[in-house]
Every structure is written in C-alpha cells, then in structure tokens.
Amino acid sequence: DLAYYRGIWRALQRLKPDVIALHMPSVLPVAVAWARLHGKRLFVVEHQANHLKTDFQKRLSRFIIRRLPVAFLSEAYAQEVCADAGLAGLPARARIIPNGVDTRAFAPPPGKNYHGLGQPARVGMLSRLMPTKDIATLMRAVAILQGQEAQPNVRLEIAGDGSERPALEALAHELSIRGGIRFLGMLDEPQ
C-alpha cells in the first residue's frame, strides 16, 4: 500500500532520526532510501522466529544479512539465520545484542520455592498478541501442566495486547484453563 509507505517517509522526515533501528523489514525499502538520502545510519534487528517466516521473509532476511548491518538477539539464532542464507559465519556487519532483561528484578525472593506440590508456578509472557508469537502453544502447554498432579496450580500471565487477544481469550475458555490465565493488557514498566 503506497499510502503506508508515504506515511513511513513522512514520519522519518518529521522525526529526523540519526540512526534507524529497523524491526519491521516490510518498511525496509523506505527506511534504506531515507537513510541513504539523508546520510543516516540504519541497522536491522533480526528477531522473528525463522521457522515462522514466509518464503518472502526468508529471502528478505538473506538480503538483509548480506548487505546491511544487522543485530541478532542470540548466537544460536544468528547461526540459524546465517546458515539458512548459505553463510559460513556471521558477517562483519552483524552483532549479537542479547535481550536486556535484568534477571535480578524477576528472581524469586531467597528461600521461596514455587515448584513444590501445591505451590503455584507462575509463567509470564510479555508480548504483542499476534500470530507469529504463537502464544496459543504456550497456553496449550499450561493446560497440559494443569492436568498433571505435580503442577496443578500453574498460572500464566500475559502482558500485552494485539489482534490475537479475542482468539486467545476464546482458546483459554476452550482449554478450560482453571483461572490459571490472566490477560493483563498493556502495562507500565514498573508493573
């Protein structure tokens, strides 16, 4: 849709970024053209699950890692994408930049055991609710765990929103996940 690309161009004109960190390869042509025209830097963050990519998305990934600076979120994923592109290793323009999660902020208090019988195990998911995230598989796993004696009290809390929320809420009902799932919606960072 040409109007979509014009909107991206206008946003770049208005924002005038010094660097473009591109997470949406669909806007690649507009972002590259704008960056080159204005002498700005651009890099692509490659993080979509490779097995969920369409053939077009895989071809686009091959183009990106061969010609543009790219950041991967893990060494394993970088190797997978590079191998799929027929590359023996990481290109010089590529970097590994792990997700920045402070595990100390999410660690249980010392001495707290969430995994014993009768103790609730809480699984958290922070994501856009969209098909490529495959949250339905996580929900099915929670339903399986709830059916096991060792972990009947497992709970799933999903923070985020998106187009899949109604379907996921229906799936939670269909799976009869006993009060073991909460859709939290969008949260502020402290939450």
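Q: How exposed is Tyr5, and what does the term rest on?
A: Tyr5 is partly exposed, with a relative accessible area of 28%. Buried means under 20% relative accessible area, exposed over 50%, and partly exposed in between, using a 1.4 Å probe and protein chains only. This is a predicted model, in which local features need pLDDT of at least 70, side-chain atom pairs count only at pLDDT 80 or more, and totals for chains, interfaces and linings use all residues. Residues are numbered from 1 along each chain as its sequence is written, and side-chain values use heavy atoms, leaving out hydrogens and water.

Q: Which residue forms an aromatic pair with Tyr5?
A: Rings of Phe, Tyr and Trp (its six-membered ring) pair if their centres lie within 6.5 Å; planes under 30 degrees apart count as stacked, over 60 as edge-to-face and the rest as tilted. Tyr5 pairs edge-to-face with Tyr4, at 5.4 Å centre to centre and 65 degrees between the planes. Tyr4 is partly exposed as well, at 34%.

Q: Which residues touch the most other members of the largest nonpolar core?
A: A nonpolar core is a set of buried Ala, Val, Leu, Ile, Met, Phe, Trp, Tyr and Cys residues joined through side-chain atoms within 4.5 Å. Here, the largest has 24 residues, of which Leu28, Leu42, Val44 and Phe72 touch the most other members.
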